[in-house]
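Work through the exercises below with the structure open. Each task is followed by a solution in steps.

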Amino acid sequence: MKIHIIGCSGSGKTYLASALSQKYHIPHFDLDDLQWDNNAGAYGVKRPPEERDAMLQELLPLDDWIIEGVYYAWVGQCFEMADIIYILDMPKYLYQFRILRRSLRRRLGLEAGKRETLKSVLALLKWTDTFQKRNLVEITAILEKYGSKVHRLSSRKAVQSLLQP
């Protein structure tokens, strides 16, 4: 089974990918790990596109995968190969709360991950609103051709019902 999950920051992509990974015993991969060079020593350093694309090409031939991320311009092959595509389109109050909570938890050392600055968190909140208003419309149009394999989840309840045994 091949599953692609897309949505804005704070929409629950990583949570859903992890839960589905456990449910179906399928490995999951975060596109941020391909996009960003976490060994660069500085926050926000992108990998060269050739390196990122080569890493993606290593994942796609696997028999099963769950790939999640906000990216869509360079992951067309993921969409084509996926058996199921989930679009997470959560309410603004929910994704903003999750972004702020995650940032605080990272700052307090309660959660692993990049420790954003206040400035970067505010920029992320602004970017996420733009993603929802512009990019999600474009993503929806791109995914129309995949018909019934595309499923939009717009609430926590929809995600929880998907995860039921």
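**Exercise 1: a buried tryptophan**

Trp-65 has a relative accessible area of 0% and is therefore buried (buried is under 20% relative accessible area, exposed over 50%, partly exposed in between, with a 1.4 Å probe and protein chains only). The model is predicted: local features need pLDDT of at least 70, side-chain atom pairs count only at pLDDT 80 or more, and totals for chains, interfaces and linings use all residues. Residues are numbered from 1 along each chain as its sequence is written, and side-chain values use heavy atoms, with hydrogens and water left out.

Solution. 
- Step 1. For Cys-78, the C-alpha to C-alpha separation from Trp-65 is 10 Å, at 13 residues apart in sequence.

**Exercise 2: two helices**

Task: describe how α5 and α6 cross, and which residues meet.

Solution. 
- Step 1. The axes of α5 (residues 92–107) and α6 (residues 118–143) come within 11 Å and cross at roughly 155° (axes are lines fitted to C-alpha atoms, for helices over the stretch in contact, and angles run from 0 to 180 degrees between N-to-C directions).
- Step 2. The two helices, α5 and α6, are therefore roughly antiparallel (over 145 degrees; under 35 is roughly parallel, 65 to 115 roughly perpendicular and the rest oblique).
- Step 3. From α5, residues including Tyr-95, Ile-99 and Arg-102 take part in the contact, and from α6, residues including Val-121, Leu-125 and Asp-129.

**Exercise 3: aromatic pairs**

Task: how many aromatic pairs does a search of the whole structure find?

Solution. 
- Step 1. The search gives two (rings of Phe, Tyr and Trp, the latter by its six-membered ring, pair if their centres lie within 6.5 Å; planes under 30 degrees apart are stacked, over 60 edge-to-face and the rest tilted).
- Step 2. Tyr-71 and Trp-74 form a tilted pair, 5.3 Å centre to centre with 40° between the planes, and both residues are buried.
- Step 3. Trp-127 and Phe-131 have ring centres 5.3 Å apart and planes at 35°, so this pair is tilted.
- Step 4. Trp-127, at 37% relative accessibility, counts as partly exposed, whereas Phe-131, at 1%, counts as buried.

How values were computed
Helices (H or I, at least four residues) and strands (E, at least two) are DSSP runs, numbered from the N terminus. Contact means heavy atoms within 4.5 Å.
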